[in-house]
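User: Hi! I am new to reading protein structures, and I would like to learn how to look at strands, sheets and helices. Could you walk me through an example?

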Protein chains: 2
Amino acid sequence: MAPVLAGDRRALARLISLIEDNGPTARATLSALYPYTGHAHVIGVTGAPGTGKSTLVNELAKACRTRGQTVGIVAVDPTSPFTGGALLGDRVRMQDLAGDPGIFIRSMATRGSLGGLSLATADVVKVLDAAGFAVVIVETVGVGQAEVDIARTAHTTIVVEAPGLGDDVQALKAGLLEIADLLVVNKADRPGAAQTARALEVTLDLGRNSRLDGQWRPPVLQTVALDGRGVNEVLDAAIAHRAYLQESGLWHRRERERAYSDLMRMLERELVERLVERVGAATLERWTEQIAARESDVYTAAQTILAQTEESDHD
Amino acid sequence: MAPVLAGDRRALARLISLIEDNGPTARATLSALYPYTGHAHVIGVTGAPGTGKSTLVNELAKACRTRGQTVGIVAVDPTSPFTGGALLGDRVRMQDLAGDPGIFIRSMATRGSLGGLSLATADVVKVLDAAGFAVVIVETVGVGQAEVDIARTAHTTIVVEAPGLGDDVQALKAGLLEIADLLVVNKADRPGAAQTARALEVTLDLGRNSRLDGQWRPPVLQTVALDGRGVNEVLDAAIAHRAYLQESGLWHRRERERAYSDLMRMLERELVERLVERVGAATLERWTEQIAARESDVYTAAQTILAQTEESDHD
C-alpha cells in the first residue's frame, strides 16, 4: 500500500488492473486506502461525441500543471474486448503529457462487463485521490447512464458542447444539462458558437438544474481547446465551484450522498452473494427454468425464495 | 388486466405510466401478465447520434404493417425532468403512424431516475408482448450501458451506423459492434457508405462478436431510411435472425438468461428493501456519516451491518 500512497506509478498501474479484474485483493487494499482519500478535486468532463472533450481534458491537465498541481486522468472508454484496448485518449495524449511525473493517465476499458465499469471508475478515482493527486479528471465518451454515475463521482461536472452538431446530439444535451456544474462550448472558433452559448443560457433560465440546490448557476464558457483559448477560465470556474461547494456545505453533503450510495451498492453485492451461496445454484436454476417457461414469474419466484430462506433461519 | 391483454390503448397507456412511477400496482399486474408474454419478436435498434435511427424505426414499423403485423414501439428517450417530456420520436413519428390501430408508440422519459429506466423499459416490452403485438421495437438514443441493457431485452439487436460521422463516433462503434445481430449503414446515399460498410465487415473479420455464440455472422446492410430504400431487406434479415435463434436453441437460451437476470435483479431489490427495514435508517445514517468522515470504509461497514443482522437472527 505504501508505494501507492507515495504515487509510485507501477504500483498504481498494478492496483488499477486488479480493480478492473475485480479481485478480492483489490477490495482489501481499497478499504485500507480509503482513509487517505477525500483531498482531491474530482472533475468530471462529459459531452456528446464530436465536442472535443479529450483535447479539453488534455489542456485542463496542462493548465493544472502550470499552476503546480498534480493531475490524474481517468478516461472511461467504451472500447470493448472486441477491439482489445483503448481506442481514444492515451495514444494522442501521451505525446503531449507523457514523461511528466506529475500526471498519471489511465484508460478504463470495459473488459466484458460494462455494468462494473462505473463502480471500477469510482474505485480508481479513490486510488488516485489516496495517491495524492490534487486534481482527478474523469472523462467519459458516450451519453447516458455512465454520465450520471460520473456526476455522482465528481465534485464538479463539466459538460462540453460544440456548435453545429446534429439534432440527435442537441436532444442528448437535455439529459446532460441537468448534471452540469459548468458548461463549455468548445470549438468556439466555429460558426454558431455564440448562438449555442445563448441557447444554453436560455435553457438554464427555463429549466431547473438538479445541481441547482444552492445559489450556483452553471456558467457558460467558450473554449478553443486546440490552441488552449479559454481553458484557464474553465479551470478558474472549476476552482470557484469547488470553493462554492465547500462554503455552502454542499461538499460535505455530496460526500455523504456518495458514501451512502457506495454503502448500499456494497450491501447489495454482499446480500446477493450470500443468498446465492445459501439457496444454491440448483434452486436458482430451477426457478429460472420455470420463469422462462412462463410457469412462474420473477416476482413470485423472488418472494418464494426469500420466504424459504427466512423459514430455514427459524428452524 | 383483460383490457391490456386485448390491446386497449388507454389501458396500456395507464399501465405503462404506473410502471414508470414504479408503483406496487404495476408490480402485481406485471406478474399476472407475465404468462401471456414470450410471443413477440423484440427488436432493439441502437446507434450513435446522427445515424437516423428514428427514421429507420419508423420505416421498419411501416414495413411490418404492410406485412400485416402489429407493432409496438418503445422509444427510450434521454430526456429529463428538466425539459419535461419527449424531445424526439413521437412528434415526428405521430404524423406518419398515428391513427393506425396496429401501432402503439410510447416514449420512455427518465422522470428523475435514470437508473430505473432500463428496468422500466424491459417491463413495458413485456406489457406490449402480452398485449399481443407481434413485433416490439425498442429504440435507444445514446451510447453506453443503456444499449447493453437493451441488447439483453431484445432478441435481435440492430446497430445503425452512418457514413461520415466524426472520430469520436467511430470509436463508440466498437462498443456497439459486439452487441449487434444486424448492422445497418443508414444514409447510404451519402459519400462513404460503401467504405463504412467495408470497414464494418473488416472489423467483423478481425474481432469477436459476443453474440457470435453460434453460426450467425451479423449481415451488413445499407439503407436510405428517408425514402425507405433497403428497409424491407433489414426486416427480412431480422426475421432470418429470429429463425436462426429458434432453430439453434439460442432463443430458449436467451429466454433463460433474461429470466435469470430478471430474477437476480428482483432478489437484489427485495433483499435491500428488507435489510433497510430491518437495520433501520438511523443505523445506516450513522455508518454513512462515519464513511464520509473517513472513520470507516464501505467494506468494513457492510460486513459489520450484515454480521449484526445475522447475530440478531440467532437471538
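**Reading a sheet, strand by strand**

Analyst: Happy to! Keep in mind that this is a predicted model. Let us begin with one pair: Ala75(A) has Ser107(A), in strand 3 of chain A, as its bridge partner.

User: Which strands does strand 2 of chain A pair with, and in what sense?

Analyst: Strand 2 of chain A runs parallel to strand 3 (residues 103-108) of chain A, and six bridges join them. Another of these pairs is Gly72(A), which stands opposite Phe104(A) in strand 3 of chain A. Strand 4 (residues 135-140) of chain A also pairs with strand 2 of chain A, again in the parallel sense and over six bridges. There, Val71(A) has Val135(A) as its bridge partner.

User: In what order do the strands of chain A form the sheet?

Analyst: Reading across the open sheet, the seven strands of chain A come in the order 3-2-4-1-5-6-7, with parallel pairing. Strand 3 and strand 7 (220-222) of chain A are at the edges; each has a single partner strand, so one side of each lacks a neighbour in the sheet. From one strand to the next, the twist averages 20°.

User: How do I work out where side chains point?

Analyst: The general idea is that side chains in a regular strand alternate between the two faces of the sheet. In strand 2 of chain A, Val71(A), Ile73(A) and Ala75(A) point one way, while Gly72(A), Val74(A) and Val76(A) point the other way.

User: Which strands does helix 4 of chain A lie across?

Analyst: Helix 4 (residues 53-66) of chain A lies across strands including strand 1 (41-47), strand 2 and strand 3, and it runs at about 175° to strand 4 of chain A. Helix 9 (residues 193-206) of chain A lies across strand 5, strand 6 and strand 7 of chain A, at about 170° to strand 7.

User: Now for chain B: is Ile150(B) buried or exposed?

Analyst: Ile150(B), found in helix 7 (residues 145-153) of chain B, is buried, with 24 other C-beta atoms within 10 Å. Leaving out residues up to four places away in sequence, Ile150(B) touches Gly44(B), Thr46(B), Val138(B) and Thr140(B).

How values were computed. Residues numbered from 1 in each chain as written. Chains lettered and ligands numbered in written order. Predicted model: local features only at pLDDT ≥ 70, side-chain atom pairs only at ≥ 80, totals over all residues. Buried ≥ 20, exposed ≤ 12 C-beta atoms within 10 Å, placed from the backbone. Helix = DSSP H or I, 4+ residues; strand = E, 2+ residues; numbered from the N terminus. Pairing = 2+ DSSP bridges. Axes fitted to C-alpha atoms, helices over the stretch in contact; angles between N-to-C directions. Contact = placed C-beta atoms within 7 Å.
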